[in-house]
Amino acid sequence: MARRLRFNGTDSKNGNCPAVHEDLDSGEIIVQGTPLNDPEDIAQLRHFGPGDTAVIVPRELLANHGPKEGARVSKLIDLDEFGRLFETFEHSAWHLETRRGYASDREDPGYAEFLASGTAPCDHDSEWCANIRRQTAAGKYVGRVRVVDNPPAEGQLFLLDYARCNAATGEDVRNVWREDAERAHLPAEDFWIFDSRLVTVLCFNEQDEFHAVEVLTEPAEVLRYCQVRDTAMHHSVPYDEFATRLRAVR
């Protein structure tokens, strides 16, 4: 059975070797680089077995993309502490949404209104909207990329229409097709990045209910999520352009 490998990063300017990957099940680290083949060099290696392979990588690759702890460093925070992050971030907050739907959306009265009319109601004076307007008015960046199935799920159509409300607060809302997200190796998880230094991974159960927030601050982990953000932004399009394209093919 093939390993489930996650790309952690590379310092290559053209996307080639060297690189670091991680086995998601065992936690083992796979280092990819140029083989060390000179017999005189290999003879200097200690404990080098007949089935072993040595590779050459720059020191900064391990410093930048190798794990800094023996295990993933994280902690859980409550929803109040999570909410305060949206008030105290210094310059940027960015979100990746990958689920087909969210229980909190389906429980909102506006969801039923959307199903009946095709238009999601927007409360521009809600606590969330008021705060995001304050943050973007202060020059801070707030954005998100939503992954959409083809054809879109009901909940995804709701959020695509609701993006009008997000955008009205100054938020940069974008979308990407799931097949494009998978080709770009985006992870199937929801998370926020605050100030490119702190990541909050949102935990859901099988009923799409949001129940916990995991915080990551370990630099290599945060860097990996920042790379995911950059990839998602590259492959995404503004929500209004995405909606126009969707209407044209439906």
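**Close-up views of a predicted model**

**View 1. Helix α5 crosses helix α7.** In this predicted model, the axes of α5 (residues 109-117) and α7 (residues 154-168) come within 11 Å and cross at roughly 95°. That angle makes α5 roughly perpendicular to α7. From α5, the contact takes in Gly110, Tyr111, Phe114 and Leu115. From α7 come Glu154, Gly155, Leu157, Phe158 and Asp161. By class, the residues of this contact divide into 5 nonpolar, 2 polar and 2 charged.

View 2. The disulfide count for the model is 0. The cut-off between cysteine sulfur atoms is 2.5 Å. For cysteine 122, the nearest cysteine sulfur belongs to cysteine 165, 3.9 Å away, and cysteine 122 is in no disulfide. Cysteine 129 is in no disulfide either; its nearest cysteine sulfur is that of cysteine 165, at 3.6 Å. Cysteine 129 is buried, at 1%.

View 3. β11 spans residues 198-204. Of its 7 residues, 7 are buried, so the strand is largely enclosed by the rest of the structure. Leu198, Thr200, Leu202 and Phe204 point one way from β11. Val199, Val201 and Cys203 point the other way. Both sets are buried.

View 4. Strand β10 covers residues 190-194. β10 and β11 run antiparallel and are joined by 5 bridges. Phenylalanine 194 has leucine 198 in β11 as its bridge partner. Leucine 198 is also one of the buried residues of β11. The hairpin has 3 residues between the strands. In this hairpin, aspartate 195 takes a positive phi near 55°.

View 5. Strand β12 covers residues 210-216. It pairs with β11 in the antiparallel sense, over 6 bridges. Here leucine 202 has valine 213 in β12 as its bridge partner. Leucine 202 points the way that Leu198, Thr200 and Phe204 do.

How values were computed
Residues are numbered from 1 along each chain as its sequence is written. This is a predicted model: local features need pLDDT of at least 70, side-chain atom pairs count only at pLDDT 80 or more; totals for chains, interfaces and linings use all residues. Side-chain values use heavy atoms; hydrogens and water are left out. Axes are lines fitted to C-alpha atoms, for helices over the stretch in contact, and angles run from 0 to 180 degrees between N-to-C directions. Helices (H or I, at least four residues) and strands (E, at least two) are DSSP runs, numbered from the N terminus. Angles under 35 degrees count as roughly parallel, over 145 as roughly antiparallel, 65 to 115 as roughly perpendicular and the rest as oblique. Contact means heavy atoms within 4.5 Å. Ala, Val, Leu, Ile, Met, Phe, Trp, Tyr, Cys and Pro count as nonpolar, Asp, Glu, Lys and Arg as charged, and the others, Gly among them, as polar. Buried means under 20% relative accessible area, exposed over 50%, partly exposed in between (1.4 Å probe, protein chains only). Two strands pair if DSSP finds at least two bridges between them.
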